[in-house]
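Subject: Structure handover

Hello,

Here is the structure I promised to pass on. Please open it alongside this note. My findings follow below.

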Amino acid sequence: MTPFARPVGPRSLAARRAAAVAGEAVLRGLLVEEGARLLLLVPDPHARFAAVELAAPFAASVLDDGYGVCSYVFAWTPSRDPLPASGVLGGYLEGFGDLRVRPDAASAIPLGERTWAVVGDAGWPSGSAAELAPREVLRTQLAALEGLGVVPSVGIEHEVVFRDAHGVPLTAHGVDYAVGGTERLAPLLGDLRKELADAGLGVESARAECHPGQYEIVLRHRDALAACDDVLLQQLVVRRVAARHGVTADYLAAPEPGQGNSGHVHLSLSAVDGSEPDLLGGFLAGVLRDARALTAVFAPTWNSYVRLRTAPFSPREVRWGHDDRTASVRVAGPASGRRLEFRFAGADAQPHLVVAALLAAGRFGLEEGLTPPEPGVTVGSLAASPWEARSLMDRVGELLGADVAAQLAAMLSEEIEAGLDSVTDFQRLRGALRA
């Protein structure tokens, strides 16, 4: 096993740090070779990376000293304009100074041509962590859960729609589990299979999905930080390969009305000592209780709320069931290895924040000794609109902290304003119908 391998199953924060130390020693040697490059990546709040490319021999020094990235990467819009500088966001926008990003060598993957992509952690010049960085939000929740003696293992499914240069899906109809009908996808998928294997991301399965041009790639379950980093690294690889084929990879939550690209999260719990206590009930109960309050995390865009209308497989109702894909939480797996599949989020949701939100709500359920309702019982619903989701930030603050709640509220407000400032094909059609 290489220092950059993603071991299957849970891994404590301490074990992950040890892997980073081992990986750094190897990476240092690779980055001093002539022609080597480091692609330093920072997950932003919009489920994508901010990136800086660094060349040898300087790249190796970044492992010691980090590298500067403008602080507004955690306080910007999808179009990379600054959010309104109010409250905690002001500190990220005042003067547009640098945060220091230090590579986490445990996240390294090769991208070919002597380029290594590495995800980093952002901190202030004082040395304190950037509290709004999605990785830091997740790490905070992982540490709190470890305080209870518990570590999670996480697997994330992302669906994507492949379109040609004209925007037409590469399959004319849904090809759920199909082999026939996917021939037009075959050249792209062949290259993609090789690139993902070369990157060492540990693909478990891949298959055609139920909407035109849709495909699903599932990575094996692993520690939560790796799962969230790797699903974004997977998107990076997918988009690069798709571009070489003249194809776009569409992770929009609702690629078309009545269709959804989901970001399901599979999660199991183990004790830090490696045992598997029966904790899923209390964890499930906590998530069910707070799912509605966390809608802004699961559905961060205007388009997300279109996906939440595509029931039964993107259910807005909050309920759970045994191996029930129409429930928002599905209990799956054999009795000896139960896992929870949380079906709330779309593929546009920020994975670090989604998993952090689930861990926070589930931990509260464990701490308070909650018990879940009977399977199939509806206990509420996700917010139906971005306005409703924005009104629930008080509880988000209790779960993830007031600063994160303020960041989410600002992003959702900007999303609403941008939508209201737009004239869409839908509006033109409605206007034509009134002519």
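The largest cavity is lined by Arg-11, Ser-12, Leu-13, Arg-16, Leu-142, Glu-146, Val-151, Pro-152, Asp-223, Ala-224 and Leu-225. Bear in mind that this is a predicted model. The volume of this largest cavity is about 60 Å³. Four elements each give its lining at least two residues: helix H1 (13-31), H4, strand E7 (150-163) and H6. By type, the lining of the largest cavity has six nonpolar residues, one polar and four charged.

Now the second largest cavity. Its volume is about 40 Å³. Ile-156, His-158, Gly-263, Val-265, Gly-346, Ala-349, Pro-351 and Val-354 line it. E7 and helix H10 (351-367) are the elements that supply two or more of these residues. The lining of the second largest cavity has five nonpolar residues, three polar and no charged. In total, the structure holds three cavities of 30 Å³ or more.

Next, the helix pair H4 and H6. H4 covers residues 134-146 and H6 covers residues 224-244. Their axes come within 10 Å and cross at roughly 155°. Angles over 145 degrees count as roughly antiparallel, so H4 and H6 are roughly antiparallel to each other. Their crossing is right-handed.

Which residues in H4 and H6 meet? From H4 come Arg-135, Leu-138, Arg-139 and Leu-142; from H6 come Ala-224, Leu-225, Cys-228 and Asp-229. The residues of this contact divide into five nonpolar, three charged and no polar. Leu-142, Ala-224 and Leu-225 in that contact also line the largest cavity.

Best wishes

Note on methods. Residues are numbered from 1 along each chain as its sequence is written. This is a predicted model: local features need pLDDT of at least 70, side-chain atom pairs count only at pLDDT 80 or more; totals for chains, interfaces and linings use all residues. Side-chain values use heavy atoms; hydrogens and water are left out. Axes are lines fitted to C-alpha atoms, for helices over the stretch in contact, and angles run from 0 to 180 degrees between N-to-C directions. Angles under 35 degrees count as roughly parallel, over 145 as roughly antiparallel, 65 to 115 as roughly perpendicular and the rest as oblique. A crossing is left-handed if the near helix is turned anticlockwise from the far one by less than a right angle, and right-handed if clockwise. Contact means heavy atoms within 4.5 Å. Ala, Val, Leu, Ile, Met, Phe, Trp, Tyr, Cys and Pro count as nonpolar, Asp, Glu, Lys and Arg as charged, and the others, Gly among them, as polar. On a 1 Å grid over the protein atoms alone, a cavity is a set of points where a 1.4 Å probe fits but cannot get out, and a pocket is an open set with protein on both sides within 12 Å along at least five of seven lines; lining residues have an atom within 4 Å of a point. Grid points are joined across faces, edges and corners, and a volume is the space filled by probe spheres set on the points.
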